[in-house]
Amino acid sequence: MAGDSTVSSPLGQPACEKDAKALQFIEEMTRNANSVQAKVLAEILSRNAETEYLRRYQLGGSTDRETFKSKIPVVKYEDLHHEIQRIANGDRSPILSAHPISEFLTSSGTSAGERKLMPTIEEELDRRQKLYSLLMPVMNLYVPGLDNGKGLYFLFVKAETKTPGGLPARPVLTSYYKSDHFKTRPYDPYNVYTSPNEAILCSDSYQSMYAQMLCGLYLHKEVLRVGAVFASGLLRAIRFLQINWTQLARDIKTGTLNPKITDPSVRECVSHLSKPNSELAELITNECSKDNWEGILTRIWPNTKYLDVIVTGAMAQYIPTLDFYSGGLPLACTMYASSECYFGLNLKPMCKPSEVSYTIMPNMAYFEFLPHDSTESTLSRDSPPRLVDLTNVEVGKEYELVITTYAGLYRYRVGDILRVTGFHNSAPQFKFIRRKNVLLSIDADKTDEAELQTAIDNATVLLREFSTSVVEYTSYGDTKSIPGHYVIYWELLVKDPVNPPSAEVLNKCCLVMEESLNSVYRQGRVADNSIGPLEIRVVKNGTFEELMDYAISRGASINQYKVPRCVSFPPIMELLDSRVVSAHFSAAAPHWTPERRS
């Protein structure tokens, strides 16, 4: 713990001198949020004054907020698609940024079915690293002694590709894990992982997971925290243990390594830990062979103090399952970030998931907020919306996040809906409410209503030769299974009862739907195994009328009632499932490659 020489912070008593400096930085940034924001905007606009984009809107070198807001439009990804495509195709002129675009970060959000390409510059890694460096100093305020053990984190690199112009295109975390910022990070006793870099950087997901799990088991008494990026990722690791514990226990008992682990660098790094340990192998066998896996995490890693996973937004659906496997350990949500920009951190990381609020760090980008009651019609070029600055948001109100970044996004709508919960000094704190327009999400995938409708339209083509059509449908993200999967409820009108669609045809409908969904979904199905096969549940005729009757009985207007395209309310789920007459799954995986569809 910190000695008397360490200066206390308004946030609490720092664990060490390094932490004291980090907490002081947070205080300085949040106390001076407005002036920091003005400085950030001025830096972005002055360095990029000669870019094609800013010259187009005749900013004339101005760096003040009023001129910026009066001349630069609020945009979505589709508005920038042409410029981004030119950069991707090899145009190195200063289109969006005066600094060279070093790579594209592939967003989990999609446009026309493909991952969005977010341009970034080399120095953004420094900015992201700065935010990462603030997380443990805050956590150390709430959980003492983390320097006495290690973190078991399941971290993975994803498939990457190159644009036609030769720039890498990959997820933001893959970019970070492959950077020197991560690979050659200085030793920090408060932030030691059980997983070797070689295991994290192995592109084969089975070998990577196996090696990380094996190392975590060997070091089970030293593990003080267990984590993954998303809650779904940690549950996937638990499922992996359920399937592979016998082989893992065998390796530990004999001090050998599964022959399926063929990557030389992974074998080499694991060999440093591999030695026979029959006592540990027996513990794993005894615990994992039991039918009841409740509390399995603390039964195998008994010193775990908390789980470090994102459980806000769509990931909240996994909280009951995590509580079951962990025996109710605290769930820590530490930071708020996206491919476009890293935004802020949770200054009370051990709070309940329902109380998580993120403090925006004003040095990361220039932030504006679109009041969420603004309608699309107000966002025309002729009558631009009045956006609210970072320090002027109001507690209790909801906003859509709009960012201007050092890498060349100007007044870009991220699509996240946030609610202001309070302030730390002059910096606002936000609760993440949801991703705009997202209907279904299991892992990193985000499927909206229009995309689901297109998938259903494509699948129903197969029903035509059987004189059958889909009368109504709704959907549900089933996260009880690991991995979770999409469930689509169909009510069918079969005009020729003598020749109805067979089970095989309905199975094919599942696959056609999957082929129609975006590349993030298909990657989750094919490469990451983070999403299970799509399921169609056919319900009895009249089920959706019953659904309407139920809604009206609860006060819905019969004139305004619309079938919900996604459901999660337990009584509605029970009604639907009680009317299911048949269930069908994709018999194969959809097509996916890292290359973008032309």
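Analyst: Here's a walk through the sheet, its helices and a few side chains around it.

First, the ground rules: this is a predicted model, where local features need pLDDT of at least 70, side-chain atom pairs count only at pLDDT 80 or more, and totals for chains, interfaces and linings use all residues. Residues are numbered from 1 along each chain as its sequence is written, and side-chain values use heavy atoms, with hydrogens and water left out.

Confidence (pLDDT, the predictor's score for each residue, from 0 to 100) has a mean of 91 for the protein chain, with 95% of residues at 70 or more. Residues 374–378 fall below 50, and that stretch has six contacts (heavy atoms within 4.5 Å) beyond near neighbours in sequence.

Now the sheet. Helices (H or I, at least four residues) and strands (E, at least two) are DSSP runs numbered from the N terminus, and two strands pair if DSSP finds at least two bridges between them. Eight strands line up as β9-β10-β11-β16-β15-β14-β12-β13, with antiparallel pairing, and the sheet is open. At its edges sit β9 (335–337) and β13 (388–389), each pairing on one side only. β9 joins β10 (residues 342–345) through three antiparallel bridges; Tyr 336 has Gly 344 in β10 as its bridge partner.

Two helices come in here. For the angles, axes are lines fitted to C-alpha atoms, for helices over the stretch in contact, and angles run from 0 to 180 degrees between N-to-C directions. Helix α6 (residues 124–142) lies across β9 and β10, at about 15° to β10. Helix α2 (residues 33–47) packs on the sheet too, touching β12 (366–371), β14 (398–404) and β16 (427–435), and its direction makes about 110° with that of β12.

In one of them, the rings of Phe 68 and Tyr 366 are 5.9 Å apart at their centres with planes at 80°, so they sit edge-to-face. Because Phe 68 is in helix α4 (residues 65–71) and Tyr 366 in β12, the pair ties together parts 298 residues apart in sequence. Both Phe 68 and Tyr 366 are buried (under 20% relative accessible area; exposed is over 50%, partly exposed in between, with a 1.4 Å probe and protein chains only).

How values were computed: Rings of Phe, Tyr and Trp (its six-membered ring) pair if their centres lie within 6.5 Å; planes under 30 degrees apart count as stacked, over 60 as edge-to-face and the rest as tilted.
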